[in-house]
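Open the structure in your viewer and keep the selection tool ready. We will go from stop to stop.

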Amino acid sequence: MYTFSSKLKTFSFILMAVGLLGIGYGFLSAPKDIQAVEAILAADAHGSAHGVPAEAQAATEESHVATEVAHEVAQAPVANKVADTATEAHDSIQAPVAAEPAHTSTEAQADSAEHKVDAHTEHQEHLEHVLHQLQNKPWAALYVACIFFMLVSLGVLAFYAIQQVAQSGWSPVLFRVMQGITAYLPVGSVIFFIILVLCGLHFNHLFVWLGEGVTKPGHANYDEIIAGKSGYLNFPFWIIRAAIFLGGWNLYRYYSRKNCLAQDESSDDSFYKKNFKISAGFLVFFIVTESIMSWDWIMSVDPHWFSTLFGWYVFASFLVSGVTIICLVSLYLKSKGYLEHVNTSHIHDLAKFMFGFSVFWTYLWFSQFMLIWYANIPEEVTYFVTRIQLYNLPFFGAVVMNFLFPVLILINTDFKRISWVLVMAGIVILLGHYIDFFNMIMPGTVGDQWFIGVSEIASVLFFLGLFIYVVFTALTKAPLLPKRNPFIEESKHFHY
């Protein structure tokens with residue numbers, strides 16, 4: 001039986017405590033009104049690193065324009081009066097000539113005042129928009145970290161189900177590791193579901209289509225495209241789908257683990273056969289719900305955009321992350337003297353999956369990017385233009401971390417058996433796919449106001465600490481070797 005190290009447990013508590021403090025700071029430091037936003041933008045214009053300088057400069061210029069509006073409007077009646085007086089004075093001599101310039105001058109000044117009033121209104125709308133973005137920042141950071149760790153555990157669950165259905169002979173010695181990692185799924189699901197409910201209750205502005213009046217014709221926020229999707233994108237249907245997806249995944253996780261533990265005490269293979277059947281059913285349920293989940297929870301952040309490859313793309317991202325976590329946890333347990341039957345051949349196979357799924361992710365990334373970029377349809381290509389212009393470093397950095405680095409390292413067969421190489425590659429892959437989720441969610445929620453700061457780091461630390469605590473606590477609840485699995489002997493003697 002595995003014993004949870006007191007040092008690791010303390011480390012997880014420290015991560016959660018520091019993370020909570022940072023998350024709280026992120027929410028407390030978010031601006032509360034447009035006056036605070038104006039101050040932030042003005043500070044940006046003078047070199048403060050709170051956002052994009054060009055945007056701040058534009059906002060500051062708009063502020064100066066807005067300041068002049070009231071003055072111009074106040075002066076307009078005076079100017080009109082002077083013009084009228086001049087017209088009367090010259091009326092007897094040059095009436096036909098003088099009247100028209102005075103009238104033209106009055107109209108020009110009125111148009112100028114009206115234009116500046118419009119500029120003032122636009123400036124106020126801009127400040128309101130930036131306010132929503134900056135208030136979204138701690139929420140979006142929390143959302144990215146929460147969904148990432150939850151989907152990592154889901155990826156492990158899917159990989160476990162595939163091993164069950166394939167009746168794999170190499171992997172049973174790793175089943176309890178996989179089950180321990182999937183123990184995070186119920187915890188992550190509850191937290192994530194709460195965040196979704198808070199989104200629907202308008203605690204944040206993460207999802208534009210949940211905004212007030214976006215589907216009501218005549219409303220200031222009316223959006224015709226979103227209104228056309230309102231039969232699908234509406235809060236009641238959306239949250240019901242979320243409950244079904246999360247409930248279905250967790251039910252499979254519960255019964256598959258229960259049957260696996262029962263198989264240890266069984267005199268036949270009845271529980272193994274039950275697991276085979278429910279695993280096959282789960283994979284059908286999973287592949288459908290995973291696609292819809294990716295539309296609901298990630299793609300709908302940009303409700304005007306869609307991609308038919310998106311479900312597969314998200315799946316590849318969290319699946320390779322899940323396999324990477326299995327490898328890292330296995331290496332850790334192996335270093336502590338556990339998993340005596342796990343050898344370099346098992347680790348080599350995990351590394352091959354890390355390599356293969358990294359290539360698969362890159363194939364989907366390139367296919368989605370190349371087809372949309374080459375077609376150059378405005379409503380499609382805007383998605384990538386935004387990310388290339390505003391998120392250039394994380395956008396292309398994710399490709400380097402998720403493709404170039406793992407391919408160059410893991411293409412070597414010998415490296416797939418060296419622990420420190422796999423740990424290094426695994427950390428880079430996990431960071432790269434966190435950034436991938438960051439790229440998918442942040443542009444539609446915070447726009448150009450992004451920055452990997454306290455909120456983002458703290459959110460990762462909190463969920464990492466929670467993940468470590470839940471996973472390693474679960475590993476203490478059962479023996480690390482499933483004794484009665486029909487393929488356990490083949491797995492124990494797996495060498496090549």
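This tour starts with the whole chain and then visits single residues.

**Before you start**

This is a predicted model: local features need pLDDT of at least 70, side-chain atom pairs count only at pLDDT 80 or more, and totals for chains, interfaces and linings use all residues. Residues are numbered from 1 along each chain as its sequence is written, and side-chain values use heavy atoms, with hydrogens and water left out.

**Stop 1: the whole chain**

Show the chain as a cartoon. The protein chain has 16 helices and zero strands. Both are DSSP runs numbered from the N terminus: helices are H or I with at least four residues, strands are E with at least two.

Now colour by burial. Buried means under 20% relative accessible area, exposed means over 50%, and partly exposed lies in between (1.4 Å probe, protein chains only). Of the 496 residues in the protein chain, buried ones make up 50%.

The protein chain exposes about 22800 Å², by the Shrake-Rupley method with a 1.4 Å probe, where for residues only the protein chains shown count as cover. Carbon and sulfur atoms supply 67% of that area.

Next come contacts, meaning heavy atoms within 4.5 Å. Take those in the protein chain with a separation of 6 or more: residues 24 or more positions apart account for 82% of them.

**Stop 2: the nonpolar cores**

In soluble globular proteins, nonpolar side chains tend to be buried together. A nonpolar core here is a set of buried Ala, Val, Leu, Ile, Met, Phe, Trp, Tyr and Cys residues joined through side-chain atoms within 4.5 Å.

Which members of the largest nonpolar core touch the most other members? Select Tyr143, Ile147, Trp249, Trp297, Phe437 and Phe472. This core has 132 residues. Its largest share, 21 residues, comes from helix H4 (residues 91-165).

Zoom in on Phe472. Beyond its neighbours within four places in sequence, Phe472 contacts Tyr2, Phe4, Leu8, Val329, Tyr332 and Leu333.

A second, separate core has seven residues. Val37, Leu127, Leu131 and Leu134 are among them.

**Stop 3**

Select Phe149 in helix H4. Phe149 is buried, at 9% relative accessible area. Setting aside residues within four places in sequence, Phe149 is in contact with Tyr184, Val460, Phe463, Leu464 and Phe467.

Move to Gly26 in helix H1. Is Gly26 buried or exposed? Gly26 is buried, with a relative accessible area of 4%. Not counting residues up to four places away in sequence, Gly26 touches Pro138 and Ser455. Gly26 and Ala458 are 432 residues apart along the chain, yet their C-alpha atoms are separated by 8.7 Å.

**Stop 4: aromatic rings**

A pair of aromatic rings is described by the distance of the centres and the angle of the planes. Rings of Phe, Tyr and Trp (its six-membered ring) pair if their centres lie within 6.5 Å; planes under 30 degrees apart count as stacked, over 60 as edge-to-face and the rest as tilted. How many aromatic pairs does the structure hold? There are 54 aromatic pairs.

Select Tyr2 and Tyr338. Their ring centres are 5.1 Å apart and their planes are at 75 degrees, so the pair is edge-to-face. Tyr2 lies in the segment before helix H1 (6-29), and Tyr338 in the loop between helix H10 (310-335) and helix H11 (344-375), so the pair ties together parts that are 336 residues apart in sequence. Tyr2 is buried at 3% relative accessible area, whereas Tyr338 is partly exposed at 23%.

Then show a cluster linked by ring pairs: Trp305, Phe310, Tyr313, Trp361, Trp365, Phe369, Trp373, Tyr383, Phe384, Phe395 and Phe396.

**Stop 5: charges over rings**

A charge sits over a ring if NZ of Lys or CZ of Arg is within 6 Å of the ring centre and within 35 degrees of the ring normal. Select Arg241: it lies over the face of Tyr232, 3.8 Å from the ring centre. Lys416 lies over the face of Phe355, at 5.4 Å from the ring centre.

**Stop 6: cysteines**

End with Cys199 and Cys260. Cys199 is buried at 1% relative accessibility, and Cys260 is buried at 7% relative accessible area. A disulfide would be a pair of cysteine sulfur atoms within 2.5 Å. A search of the whole structure finds zero disulfides.
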